[in-house]
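Please look over the sequence and the structure shown here. A short report on the folds and contacts goes with them.

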Amino acid sequence: MLCACSLAGCSASAKQSRDPNTLVVLEIADADTLNPLFANNYYSFLYYGLIFDGLTNTGDNFTNVPDLATSWKSTPDKLHWTVELRRGVTWSDGVPFTSDDVVWTWHTQMDPATGFPYRGQFTYIKSVTAQGPYRVRFDLSNKNALFESQGLGAPILPAHVLEKIPHAELRTSTFGEHPIGTGPYVLERWRHDQDASFKANPRWWGGTQTVRRIVFEVVLNDQARNDAMVDGDADLDDNIPPSAFDALKAAHAKLQLIRIPDTYTEFVYVNFRRPGLDDLAVRQAMMYGWDRQAIVDGLYRGDFALATSLVPNGLRLWYDPRVKRYPYDPKRARDILERAGYRLGADGVRRRGNVRLTYTLDDTQASGHPDMDAAFQADMRSIGIAITIHTIDFATYIDQAQDGNFDLGMIEWGGVPDPDQTTLLGCDQFPPNGNNDMRFCDPAISRDVDLGLKTLDYPARRKIYDDMQRRVAQDIPVLYFADPYFQIAISPRVHFDLKTVLPDLALYRDVQHWRLGRL
Amino acid sequence: MSTFIARRVLGAIPLLLLISIISYAMMGLSPGGPAAIFAAQAQRMSPIARAEFIHSLGLDKPWYVQYLYWLGNLVFHGSLGYSYVDQRPVIEKILEHVPVTVEMLSLALVATVLIAVPIGIVAALKRDTAFDYVTTVVAFASYGMPVFWLSIILIDLFAVHLGWFPSAGANSIGQEGNPLDRLRHLVLPVTALTVVSLASWIRYQRGAMVNVLGELYLRTARSKGLSEARVILHHALRNALLPTITLLGLSLPGLFSGAYFIEYVFSVPGMGYLGINAVFQRDYPTVMALTMLTAVLVILGNLLADIAYGIVDPRIRYD
């Protein structure tokens, strides 16, 4: 213990010894691979986004801006796209970037042997052909509103490094550990589950990076992350948990604390094949009888905004606030159920004929909100609906949902800066075809999401999604809970345009041009 | 001795085979799976892509066929396979996480022995005194303490309130390679692991010493005029250490499994941390590798205990 106590005294902050040109970012998990062909986790997307470029990048307000492409244009039917590539770009190993890299990347992604997990999203891309070293043509089988962001935004890989590897063997190649890209940074060191360091790519085409090195530190513990921010050992934490804002403010007045609406929304999945849940009156009563505001204010200290539909209010270009709302009104909830013929039994649970309003709410151990589940349970009980909470592991949860073996399930959904909900709401998207685990089908909504995906003109598309939001707010395919805020703490020495901050990965879209002050 | 070791090693093979079959079957038959995790991470992953992913990993085959592939790979190629999560060789991942676990376990084992053995001996010598009773109560209390609960209490007290030690990780930011900083990070996890291990060691040591103290050869030693210190240290202690040496080997797997919870609570990036993440992510190859490693440790621990027993007690023969 004596040794331990003397060790306790040697708690020197790393602040004095660290390089002022290094941006230290705290994360709660590590990337899996840096090979964009197989990456399937937020941190992988974050890390490889520093190393690889797409043809387009995310600009302010989630617009598409040039990256490896300098311009792109389509035929009037939006089925044929010609992309002009940036000249003078080299890979980090010095080899010039050309259209061959774009063509190789797309051919490899679309080859089933590769096992690219997102291939299904791009099946509308018929062919990708080079038209000279700096021009590429994309031919599509049908129009797709996500082509410019997701299709042209996909990272481009170095053909000269990877083309000799059979596609089926790319998964186990070491490229994910030793990536070569055209982006502003190169991987310097990666200690899995601990930290990853990226240094400025001297061959980057975009000029000089003002942030010369970025280190991501994996720190799971909330307290340790807060300490690192307060002590100045780290510059940015983009995982500020609910309620930590006030503590951080109190501990370090100069920290820049930012809270912006995120692109996620949280809701309770509803299984439409369960008797009672297929009845709009029951779903309406559940919405009116659920005191969501009390949960947000009491349990999460305002870290959420109430959700109104499936489009989170973080999607400013698409969010429509003029939809039907469900303020907390338990009397109204009970009246709706009474009128619909659900009578209160001696056990406090309503029933109509053989239908007894008793359901199980599944939540996951990893992302669950036990307090919120309990509050939901109590609110439902007060209107005569019995809820049993069932906490399970994530993999089981997903399997059960896809098999239709559930009543209600709490889930976070979204993360994509687009209102498209095709796989969730399409009548043809019941598993195994899509993610419509609710087995919900409203032909008008299904038509909206189909049409929305095929419409590229913003005003016309906006009108379609306004209609979709109005309809889903009325139909209640899910019980809307809340849209979380993206909360970050930034050291006062980090300077960038805080007015244009976007949530999640888009936060780092221009990190190479941030400015770092003295430690 | 070599015949004995060879016989034990050969006997371990069917046992390991059985463990591997049961482990693989439990994973294969449990709900959820790697594809569900993968699909959940990529919420908009299409069914085509999901089917391709399942096929690419061979997960569309029955669990026993997958098991045979895994076993064939291990036996004929000496490979533990590739992780489903990051497609890296599993052995590479394990080797990355071994050092910090070995450091933590070694420190905990040394601390446990250094604390428990003297306490056990003194408790036996002062049998039925206040010291003995207090030791017994403390030992049972620490034995009954859930390791994750103790870890949280230690974090709350020493990291959050007193701020003496870091609450998580294996080193401070920018302090990689600083041994003092590493040691500072290991104090709380090692303390937790030591406290929960102390009880059985103290009780074993006390029990062994009490048994030895009743032996006739101690009376003979005393009647020869030897000092009490020489009787205890030279004659009693050597014999009383026999069960403890056995425990040394047997405690290896226990410490290893205790490290699973402790590493997760303290975010120490060791084998336990790797293992729990692998279970949550349904990374079958990594889970299997760690399960087999634990099984080998159990068998090895038993074998080492038997060998050590023979070395310190010449009466034991291996034929």
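The report below goes through the model, its chains, sheets, helix packing and contacts.

## Basis of the model

This is a predicted model, in which local features need pLDDT of at least 70, side-chain atom pairs count only at pLDDT 80 or more, and totals for chains, interfaces and linings use all residues. Residues are numbered from 1 along each chain as its sequence is written, and chains are lettered from A and ligands numbered from 1 in the order in which they are written.

## Chain B overall

Chain B has 13 helices and zero strands. Helices (H or I, at least four residues) and strands (E, at least two) are DSSP runs, numbered from the N terminus. The C-alpha trace of chain B spans about 85 × 55 × 35 Å along its principal axes.

## Domains of chain A

Six residues from domain 1 of chain A and nine residues from domain 3 of chain A take part in their contact. Two residues are in contact if their C-beta atoms, placed from the backbone, lie within 7 Å. The domain 1 side of this contact in chain A has three nonpolar, two polar and one charged residues. Here Ala, Val, Leu, Ile, Met, Phe, Trp, Tyr, Cys and Pro count as nonpolar, Asp, Glu, Lys and Arg as charged, and the others, Gly among them, as polar.

## The four-stranded sheet

Which order do the four strands of this open sheet in chain A take? The order is β4-β5-β7-β6 (chain A), with antiparallel pairing. Two strands pair if DSSP finds at least two bridges between them. β4 (69-74) and β6 of chain A stand at the edges, each with a single partner strand, so one side of each has no neighbour in the sheet. On average, neighbouring strands of this sheet are turned by 20 degrees against each other, direction ignored.

β4(A) and β5(A) pair over five bridges, and A:S71 stands opposite A:E84 in β5(A). Five bridges also join β5 (residues 80-85) to β7 (residues 135-140) of chain A. There A:W81 has A:F138 of β7(A) as its bridge partner. β6 (residues 125-130) of chain A pairs with β7(A) over five bridges, with A:T129 opposite A:R137. The hairpin of β6(A) and β7(A) has four residues between the strands, and A:G132 takes a positive phi near 95 degrees in that hairpin. Helix α3 (residues 99-110) of chain A lies across β5, β6 and β7 of chain A, at about 155 degrees to β6(A).

## The three-stranded sheet

A second open sheet in chain A has three strands in the order β15-β16-β17, paired antiparallel. β15 (343-344) and β17 (355-356) of chain A are its edges, each with a single partner strand, so one side of each is left without a neighbour in the sheet. Two bridges join β15(A) to β16 (residues 350-352) of chain A. The bridge partner of A:R343 in β16(A) is A:R351.

## Helix packing

Two packed helices are described by the angle between their axes and the distance between the axes. In chain A, α8 (residues 280-288) and α10 (residues 330-339) pack at about 165 degrees, with axes 8 Å apart. That angle makes α8(A) roughly antiparallel to α10(A). Axes are lines fitted to C-alpha atoms, for helices over the stretch in contact, and angles run from 0 to 180 degrees between N-to-C directions. Angles under 35 degrees count as roughly parallel, over 145 as roughly antiparallel, 65 to 115 as roughly perpendicular and the rest as oblique. A:A281, A:Q284, A:A285 and A:Y288 in α8(A) meet A:R332, A:A333, A:I336 and A:L337 in α10(A). By class, that contact has six nonpolar, one polar and one charged residues.

In chain B, the axes of α5 (residues 90-125) and α12 (residues 271-280) come within 7 Å and cross at roughly 135 degrees. α5(B) is therefore oblique to α12(B). On α5(B), the contact uses B:K93, B:I94, B:H97, B:V98 and B:T101; on α12(B), B:M271, B:G272, B:Y273 and B:L274. These residues divide into five nonpolar, three polar and one charged.

## Where the chains meet

The contact takes 50 residues from chain A and 47 residues from chain B. α1 (2-8), α6 (222-231) and α12 (394-403) of chain A each supply at least two residues of the chain A side. α12(A) gives the most to that side, with six residues. The chain A side divides into 21 nonpolar, 20 polar and nine charged residues.
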